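Hello,

Here is the structure I promised to pass on to you. Have a look at it first, and my notes follow below.

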Amino acid sequence: MTAKLKNDRLIRALLRQPVDATPVWIMRQAGRYLPEYRRVREQAGSFLNLCKTPELACEVTLQPLHRFDLDAAILFSDILTIPDAMGLGLEMIEKYGPRFNSPVRSRSDIEKLRIPDMHTDLGYVMDAVQTVKRELDNRVPLIGFAGSPWTVGTYMVEGGPSKEYGIIKGMLYGEPASLHDLLATVADATTDYLNAQIEAGVNAVQIFDTWGGILTPDAYREFSLNYMRRIVDGLKRDVDGERIPVILFSKGCAHLVEEIAAAGADAVGVDWTVDIGDIRRRIDGRTAVQGNLDPAVLYASPEVIKREVDAVLRAWGAAPGHVFNLGHGIHPQIDPDNVAILVDSVHELSGKYKVKSEK
């Protein structure tokens with residue numbers, strides 16, 4: 001698979017191999033900051049219709065690549081597709097976010113959950129993967145993804161966004177066995193889900209652990225990292241002799257990065273609150289590292305964007321294994337012209353730091 005890619009920088013970097021320039025992609029790169037995305041979203045009628053219509057999901061997946069010299073596409077979808085397929089009644093409310101009509105609040109609720117069929121209940125995702133792969137024609141890798149069981153579980157239990165996470169933390173401390181049963185069910189479904197994406201043709205996968213950072217270190221190990229490790233252990237990592245890299249991104253968890261790096265993935269994503277050079281030294285070549293520009297830098301002038309890009313590249317240095325990204329998703333209000341400056345600056349400036357490829 002990798003050998004057929006016209007641009008394989010991302011895969012090479014994730015496998016800690018030399019590259020000619022640092023690869024760059026952006027979390028939420030297909031999204032509301034692009035006017036063309038907003039037009040397609042309006043055409044679809046709703047966010048969920050957009051996710052569930054493979055042709056439209058393909059269109060918005062590819063939109064950023066028409067504008068920017070990105071080194072990867074990431075499938076347009078959502079981390080809540082699995083609980084939606086479990087029948088929890090997902091709605092996307094404007095200016096609020098996701099809401100489940102049937103949140104999981106008791107052991108009996110957990111026992112009723114079933115693992116969805118990946119080719120019927122979630123077949124629209126696999127159809128979107130295949131459609132994107134056909135349209136990409138191996139131009140760049142396609143990244144598939146899922147949410148971590150803990151992060152997905154927070155929405156399933158809380159019923160939507162939360163500030164305190166009181167309901168799920170109440171379950172964590174008061175009924176830990178029930179929460180473990182829920183997370184195990186979600187982890188097994190997520191393993192099947194990502195394997196189905198791999199079978200459909202994605203070149204790499206990322207697990208988004210957005211809310212891992214709200215946990216104590218011990219709770220993170222037990223209720224988040226433990227289940228991400230379970231998923232990683234169950235993934236198909238080689239297809240036709242080509243490695244399918246896995247990225248773990250836990251926001252707010254850099255204090256545990258050594259343990260995350262030991263979980264079996266090929267790369268660890270970090271947010272913007274840490275020095276990426278320090279992360280490189282702490283991981284010491286065990287995995288690649290992805291990150292970690294503050295998304296708010298993209299509100300600044302071109303000169304500041306270039307300066308801050310250079311600061312991240314300089315902090316990383318010449319070691320292989322760096323994938324440039326924001327420390328979290330791009331903000332909806334960002335000017336797309338500033339994204340072009342970011343992407344071009346990464347390619348232009350990384351040459352003075354990177355070990356050159358033998359290609």
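Let me begin at the end of a helix: helix 7 is followed by Asp137, which has a positive phi, near 50 degrees. Helices (H or I, at least four residues) and strands (E, at least two) are DSSP runs, numbered from the N terminus.

Some ground rules. This is a predicted model, with local features needing pLDDT of at least 70 and side-chain atom pairs pLDDT 80 or more, while totals for chains, interfaces and linings use all residues. Residues are numbered from 1 along each chain as its sequence is written, and side-chain values use heavy atoms, leaving out hydrogens and water.

Back to helix 7. Of its 14 residues, 10 are buried, so the rest of the structure largely encloses this helix. Buried here means under 20% relative accessible area, exposed over 50% and partly exposed in between (1.4 Å probe, protein chains only). Among the buried residues are Tyr124, Met126, Val132 and Leu136. The buried residues of helix 7 pack against several elements, including helix 4 (54-67), strand 4 (142-147) and helix 10 (176-200); contact means heavy atoms within 4.5 Å.

Helix 10 also meets helix 8: their axes come within 9 Å and cross at roughly 115 degrees. Axes are lines fitted to C-alpha atoms, for helices over the stretch in contact, and angles run from 0 to 180 degrees between N-to-C directions. The contact involves Pro149, Trp150, Val152, Met156 and Val157 of helix 8, with Leu179, Leu182, Leu183, Val186 and Ala187 on helix 10.

Now for the rings. A search of the whole structure turns up 5 aromatic pairs. Rings of Phe, Tyr and Trp (its six-membered ring) pair if their centres lie within 6.5 Å; planes under 30 degrees apart are stacked, over 60 edge-to-face and the rest tilted. Tyr165 and Trp211 make a tilted pair, 5.5 Å centre to centre with 50 degrees between the planes. Tyr165 is in the loop between helix 8 and helix 9, and Trp211 in the loop between strand 5 and helix 11, so this pair ties together parts 46 residues apart in sequence. Tyr165 counts as buried at 6% relative accessibility, whereas Trp211 is partly exposed at 24%.

Phe208 and Phe249 have ring centres 6.4 Å apart and planes at 75 degrees, so they form an edge-to-face pair. Both Phe208 and Phe249 are buried. Ring pairs also join Tyr37, Phe47 and Phe76 into a cluster.

Best wishes
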